[in-house]
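Good morning, and thank you for joining.

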Amino acid sequence: MPSRESPESAIDALLASGFSACEIDFEGGFWMGYPFAERFGELAAANDVVLSVHAPLAGFMGHLERGKKLNMAIGMLDHSAGIAKAARAELVVFHPGFLLGRTREQAIDSVCEQLAELRERLARKGRDVPFGIEVMGRVRELGSAEDVVEISRRLPWVRPVVDFAHMHATSDGAFTSVEPFAETLASLDSVLPAGAPFHIHFSDIQFANRNETRHLAYGEGTLRAEPLAEALARFRRPATVISEAPDAESTAAIARALGA
């Protein structure tokens with residue numbers, strides 16, 4: 001969000017910068033109330049700005065124990081869905097959680113079980129919006145592209161969200177040509193509902209030992225947007241690309257490279 005002052009100032013800032021999408025950022029906690037969300041959603045729809053919501057970082061599923069931490073995560077995702085519903089957002093992005101000493105298969109089973117329970121709660125409240133599960137940037141943790149595709153395959157209301165900076169890190173910098181992008185998009189395309197867009201996070205990235213360390217200004221690392229643009233052109237499916245670059249100049253450069 002370019003401004004938290006008011007819905008009007010936020011939309012004005014988005015339009016002034018030429019943006020047609022915005023991810024409402026709750027990673028660090030909730031700051032937007034329902035009246036703000038409703039008005040922001042109205043203005044975004046009127047100006048063809050696509051919205052999504054990023055849930056707080058602690059809002060993940062697949063907890064080992066049922067107790068305070070799981071209940072807190074459920075509450076965070078519930079509230080994120082409520083804000084998304086009020087703002088007419090396309091989906092709620094959340095993180096997949098952790099292995100916590102389990103096999104990958106056991107962790108995925110746990111995530112899916114707890115997500116299914118969450119869905120029942122949201123449906124009773126009319127908050128059963130699509131969720132997007134994000135590819136993560138640590139090679140030995142839950143959250144590979146294969147993990148999020150499998151979870152999305154089991155739960156049709158959950159969509160894979162690909163973060164190409166994370167994938168560039170965990171592949172030790174392999175995303176330098178069109179094919180890795182195209183192969184990843186093809187795997188996502190196989191589980192996404194008809195008409196649903198690819199939801200993509202993008203920035204340049206610093207990494208070590210196949211783990212992300214920090215986002216970089218565009219051009220300082222080795223990840224580029226032109227191969228992504230060429231890969232996207234192979235699909236009829238639309239795409240929403242959210243820049244996670246640390247500065248406005250980088251975001252503008254990514255947009256130019258994508259032809260946006």
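E150 is partly exposed, its relative accessible area being 22%; here buried means under 20% relative accessible area, exposed over 50%, and partly exposed in between, with a 1.4 Å probe and protein chains only. This is a predicted model, in which local features need pLDDT of at least 70 and side-chain atom pairs count only at pLDDT 80 or more, while totals for chains, interfaces and linings use all residues. Residues are numbered from 1 along each chain as its sequence is written, and side-chain values use heavy atoms, with hydrogens and water left out.

Which residue does E150 meet in a salt bridge? The partner is R153, at 2.6 Å from N to O. By salt bridge I mean a side-chain nitrogen of Lys or Arg within 4 Å of a carboxyl oxygen of Asp or Glu. R153 counts as exposed, at 51% relative accessibility. Both residues belong to helix α5 and sit 3 residues apart, about one turn of the helix. Helices are DSSP runs of H or I with at least four residues, numbered from the N terminus.

Helix α5 (residues 145-154) also contains D147. D147 forms a salt bridge with R104, and their closest N and O atoms are 2.5 Å apart. R104 lies in helix α4 (residues 104-125), so this pair links distant parts of the chain, 43 residues apart. D147 is buried, at 4% relative accessibility, whereas R104 is partly exposed at 28%.

A further salt bridge joins the side chains of R39 and E8, at 3.0 Å from N to O. Because R39 lies in helix α2 (residues 34-46) and E8 in helix α1 (residues 7-16), the pair ties together parts that are 31 residues apart in sequence. Both count as partly exposed, R39 at 34% relative accessibility and E8 at 33%.

In total, the structure holds 15 salt bridges. D78, R121, K125 and R127 are linked in a network of them.

I turn now to the core. In soluble globular proteins, nonpolar side chains tend to be buried together. A nonpolar core is defined as a set of buried Ala, Val, Leu, Ile, Met, Phe, Trp, Tyr and Cys residues joined through side-chain atoms within 4.5 Å. The largest one here has 77 residues, and F40, L115, F131 and F164 have the most contacts inside it. Helix α3 (residues 68-87) gives the most to this core, with 9 residues.

What does F164 touch, not counting residues up to four places away in sequence? Its contacts, meaning heavy atoms within 4.5 Å, include F175, F181, I200, F202 and L228.

Terms used. Helix = DSSP H or I, 4+ residues; strand = E, 2+ residues; numbered from the N terminus.
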